[in-house]
Amino acid sequence: MALQTQRTPIQTSIDRAIARALEQARLGNLPTLLEAHAAPLITTQVWAVSSRTTDGAVYIVDLSADVDGMLTECTCEAGKVGRPCWHRASARLAALGEIGHWEPAEAATQAVANDDVSHWAAVA
């Protein structure tokens, strides 16, 4: 008989955030890498992630990675109170190369191609 472990509420929230990030990536809602700085023992990045529910809203995710792991903070309502959000999951997945991402120039070109310059203006 296999031992089954029950997922904690936080693990369930993280699973849901990752699933939403993967879904949004499949739909083309990729994070945009705004800044990246690498030092010998730490990497910091700033990402912009468009809201999936509010047109024109863009959230900023600060990511830092070092030998102890990866930390993220997001400007969305969930992120402001420390809850897992799909924006943070999206930035993490992009930083790890698990999903694609935009560079700032690519995001501007994509927004113009989609006739959606409001998205890029919100990021700038």
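Contact, as used in these legends, means heavy atoms within 4.5 Å. The structure is a predicted model, in which local features need pLDDT of at least 70, side-chain atom pairs count only at pLDDT 80 or more, and totals for chains, interfaces and linings use all residues. Residues are numbered from 1 along each chain as its sequence is written, and side-chain values use heavy atoms, with hydrogens and water left out.

**View 1. The chain comprises 5 helices and 4 strands.** Helices (H or I, at least four residues) and strands (E, at least two) are DSSP runs, numbered from the N terminus. Along the sequence, these elements follow the pattern α-β-β-β-β-α-α-α-α. The chain has 124 residues, of which 33% count as buried; buried means under 20% relative accessible area, exposed over 50%, and partly exposed in between (1.4 Å probe, protein chains only). Among contacts between residues at least 6 apart in sequence, 44% join residues at least 24 apart.

**View 2. Strand 3 pairs with strand 2 and with strand 4.** Two strands pair if DSSP finds at least two bridges between them. Strand 2 (residues 42-50) and strand 3 (residues 58-66) run antiparallel and are joined by 9 bridges. Within this pairing, T44 stands opposite S64 of strand 3. Strand 3 and strand 4 are likewise antiparallel, with 6 bridges. A hairpin of 2 residues links strand 3 to strand 4, and D66 stands opposite G69 of strand 4.

**View 3. T72 lies in strand 4 (residues 69-74).** T72 has a relative accessible area of 9% and is therefore buried. Neighbours within four places in sequence aside, T72 is in contact with V61, D62, L63, R88 and R92.

**View 4. C74 is also found in strand 4.** C74 counts as buried because its relative accessibility is 6%. With neighbours within four places in sequence left aside, its contacts include Y59, I60 and V61, as well as C85, H87 and R88. The C-alpha atoms of C74 and A48 are separated by 9.5 Å, while the two residues are 26 residues apart along the chain.
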